[in-house]
Amino acid sequence: MRLILLGPPGAGKGTQAARLVQKYGIPQLSTGDMLRAAVKAGSPVGVKAKAVMDAGGLVSDEIVIGIIKDRIREPDASRGFILDGFPRTVAQAQALEKLLAAENMKLDAVVELKVDEKALLARIENRARETVAAGGSVRADDNPESFKIRLDAYREQTAPVSAFYASIGELKTVDGMAAIDAVTKAIDGALAR
Ligand code: AMP
C-alpha cells in the first residue's frame with residue numbers, strides 16, 4: 001500500500017497516519033518529522049531548514065525531494081509507505097511521480113482530509129496544550145503567527161496538489177472534521193473503493 005495523506009496543518013494527518021501504520025504494517029514517512037530530526041541533529045539540511053520551518057514557510061523542493069528519494073529506497077519502505085506532509089507543492093508531486101516510476105512503484109491512493117479552516121487554529125492550540133500537559137515540548141511552529149503562515153503556504157502551494165491528483169483521477173476526499181474514529185473509518189472506506 002502506497003498512500004499519500006493530504007490536508008492542511010492540524011487536519012489530523014499525523015494521527016490518521018499512525019493508525020494506518022498499525023493497520024498495514026508500513027512506515028509513515030513524514031517530511032516534517034524527518035526535517036525536525038535533521039534540525040535536532042544539526043545536519044547541513046537541518047541548518048538550512050531551521051529558520052524557514054520555525055517561521056512556518058516551506059523548505060525548498062530540492063531538499064525535501066532529496067530526502068524522500070533516499071527514504072523510499074530503504075528496505076522498510078519496500079512493501080509500501082504512507083506519505084504525510086509530502087508532496088506539498090505541484091513540483092514535489094511531479095517529482096514524486098518520476099521517482100516512483102523510476103523505482104517501478106505505483107501509488108494506491110491519495111486521500112485528502114477536508115477540514116473547516118476556522119477550526120484549525122483551535123486544534124493547533126489544543127495540540128500545544130496537550131503536548132505540554134504530557135510533559136513534552138511544543139513544536140516551534142505551533143504558535144498563532146507561524147500557524148497563519150503555514151496555512152497561507154498550504155492555500156497557495158499545497159491546495160493545488162489536490163487539484164493535481166484530482167486531474168489524474170487519484171484523489172479521494174474524506175471529511176476530516178468528524179471524530180477521529182469516524183475519520184479512520186472513512187479512510188478505510190475510501191481505500192476500499
Ligand atoms: P509538518 O510536520 O508536516 O507540519 O511540517 C513542518 C514544517 O516542515 C513545515 O511547516 C515546513 O516548513 C517543513 N516541511 C515539511 N514537509 C515539507 C515539504 N514537503 N515541503 C516543504 N517544506 C516541508
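In which loop does Asn-104 lie? Asn-104 is located in the loop that joins H5 and strand E4 (109-114).

## Basis of the model

This is a predicted model, in which local features need pLDDT of at least 70 and side-chain atom pairs count only at pLDDT 80 or more, while totals for chains, interfaces and linings use all residues. Residues are numbered from 1 along each chain as its sequence is written, and side-chain values use heavy atoms, with hydrogens and water left out.

Helices (H or I, at least four residues) and strands (E, at least two) are DSSP runs, numbered from the N terminus.

## Two features of the backbone

Asn-104 has a positive phi of about 60°, although this residue is not a glycine. Pro-87 belongs to the loop between strand E3 (81-84) and helix H5 (90-102).

## Helix H2 and its partners

Two packed helices are described by the angle between their axes and the distance between the axes. Axes are lines fitted to C-alpha atoms, for helices over the stretch in contact, and angles run from 0 to 180 degrees between N-to-C directions. Helix H2 (residues 31-41) packs against helix H3 (residues 44-55) at an angle of about 115°, and their axes are 8 Å apart. H2 is therefore roughly perpendicular to H3 (angles under 35 degrees count as roughly parallel, over 145 as roughly antiparallel, 65 to 115 as roughly perpendicular and the rest as oblique). In contact (heavy atoms within 4.5 Å), Gly-32, Leu-35, Arg-36, Ala-38 and Val-39 of H2 meet Val-45, Gly-46, Ala-49, Lys-50 and Met-53 of H3. The residues of this contact comprise 6 nonpolar, 2 polar and 2 charged; Ala, Val, Leu, Ile, Met, Phe, Trp, Tyr, Cys and Pro count as nonpolar, Asp, Glu, Lys and Arg as charged, and the others, Gly among them, as polar.

H2 also meets helix H4 (residues 61-71); the axes of H2 and H4 come within 11 Å and cross at roughly 100°. H2 and H4 are therefore roughly perpendicular to each other. Here Thr-31, Met-34 and Leu-35 in H2 touch Ile-63, Val-64, Ile-67, Ile-68 and Arg-71 in H4. The residues of the contact of H2 with H4 are 6 nonpolar, 1 polar and 1 charged.

## Helices H1 and H8

Helix H1 (residues 13-24) and helix H8 (residues 180-192) pack at about 55°, with axes 10 Å apart. H1 and H8 are therefore oblique to each other. Among the residues that make the contact are Arg-19 and Leu-20 of H1 and Ile-187 and Asp-188 of H8. This contact of H1 with H8 divides into 6 nonpolar, 3 polar and 4 charged residues.

## Surroundings of the ligand

There are 16 residues around the ligand, and Thr-31, Arg-36, Gly-57, Gly-85 and Gln-92 come nearest (a residue is near a molecule if one of its heavy atoms lies within 4 Å of it). An N or O atom in the side chain of Thr-31 is 2.8 Å from a nitrogen atom of the ligand. For Gln-92, a polar side-chain atom lies 3.0 Å from a nitrogen atom of the ligand. An N or O atom in the side chain of Arg-139 is 3.0 Å from an oxygen atom of the ligand.

Methods
A polar contact is a pair of N or O atoms within 3.5 Å; within protein, one must be able to donate a hydrogen and the other to accept it, and residues adjacent in sequence count only if both atoms are side-chain atoms.
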